[in-house]
Amino acid sequence: RLLRIDPLKIKVGIPERYADNVEEEKSAQISIEALDEIRMARIERVAYGANVQTNTFEALLVMENPDRKVRPGMIVRAKFIVKRVPDALLVPLFSLIKKADRMVVFVEKGGVVEARTVIPGAVEKNMVEIIDGLNPQEKVVVLGQKDLINGQKVKVMDIIDPLRNIPLTEVPSL
């Protein structure tokens, strides 16, 4: 029995809600857990019909494997870019609070917090896109927000860059 392992062909299932956004000839990021490596693959084909048992659409990916470290049967995870939002407004996922039937963040202004209803969008790792309800220059409370009430006075300790999780400025006590 002969096996061709360079390039490798990888079959993955794409959930039906993303199937129309995955395009042939584009790239996918492949995470190979056994090797603790990430590689890129080309999307060769996306099926037009769904697997009725899993409700996923099969995609065939082609990945170069010149070192032959990736072997047939290894488990991989594929990550596809389904949408790019260049000017997306992101906040830490944990800053969102579920209140009844809405999502809320607390915004600080002048030492007082305001509960702001927001519409969340895409989630990437520990960040969530805010589609509506927040402006880029507003300060979102990310520590102690679960115990806050609308109009409560607060003391700002640090302003954090949420993408790198580092303090930007020390803010004097109010």
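Reader: How many salt bridges does the structure hold?

Author: A salt bridge pairs a side-chain nitrogen of Lys or Arg with a carboxyl oxygen of Asp or Glu, within 4 Å. In this structure, which is a predicted model, there are 10 salt bridges.

Reader: Which residue forms a salt bridge with arginine 39, and how far apart are the closest N and O atoms?

Author: The partner is aspartate 67, and the closest N and O atoms are 2.9 Å apart. This pair links distant parts of the chain, 28 residues apart: arginine 39 belongs to strand β3, while aspartate 67 sits in the loop between β4 and β5 (76–80).

Reader: What does the salt bridge between glutamate 44 and arginine 42 look like?

Author: Their side chains meet at 3.6 Å, N to O. Glutamate 44 is partly exposed, because its relative accessibility is 28%. Arginine 42 is also partly exposed, at 32%.

Reader: Which residue forms a salt bridge with glutamate 114?

Author: Arginine 116 does, with the closest N and O atoms 3.0 Å apart. Glutamate 114 counts as partly exposed at 38% relative accessibility, whereas arginine 116 is buried, with a relative accessible area of 15%. Elsewhere, salt bridges that share partners join Glu37, Arg39, Asp67 and Lys69 into one network.

Reader: Now the nonpolar side. How many residues does the largest nonpolar core have?

Author: In soluble globular proteins, nonpolar side chains tend to be buried together. Here the largest nonpolar core has 17 residues, and Ile30, Ile43, Leu61, Met63 and Phe80 are those with the most contacts inside it. At least two residues of this core come from each of β1 (8–15), β2 (27–32), β3 (37–46) and β4 (56–63).

Reader: Which strand gives the most to this core?

Author: That is β1, with 4 residues.

Reader: Which residues does isoleucine 43 touch?

Author: Leaving out residues up to four places away in sequence, isoleucine 43 touches Val22, Glu23, Glu24, Glu25, Lys26, Ser27, Ala28, Leu60, Leu61 and Phe80.

How values were computed
Residues numbered from 1 in each chain as written. Predicted model: local features only at pLDDT ≥ 70, side-chain atom pairs only at ≥ 80, totals over all residues. Heavy atoms only, no water. Core = buried A, V, L, I, M, F, W, Y, C linked by side-chain atoms within 4.5 Å. Buried < 20%, exposed > 50% of the residue type's maximum accessible area, 1.4 Å probe, protein only. Contact = heavy atoms within 4.5 Å.
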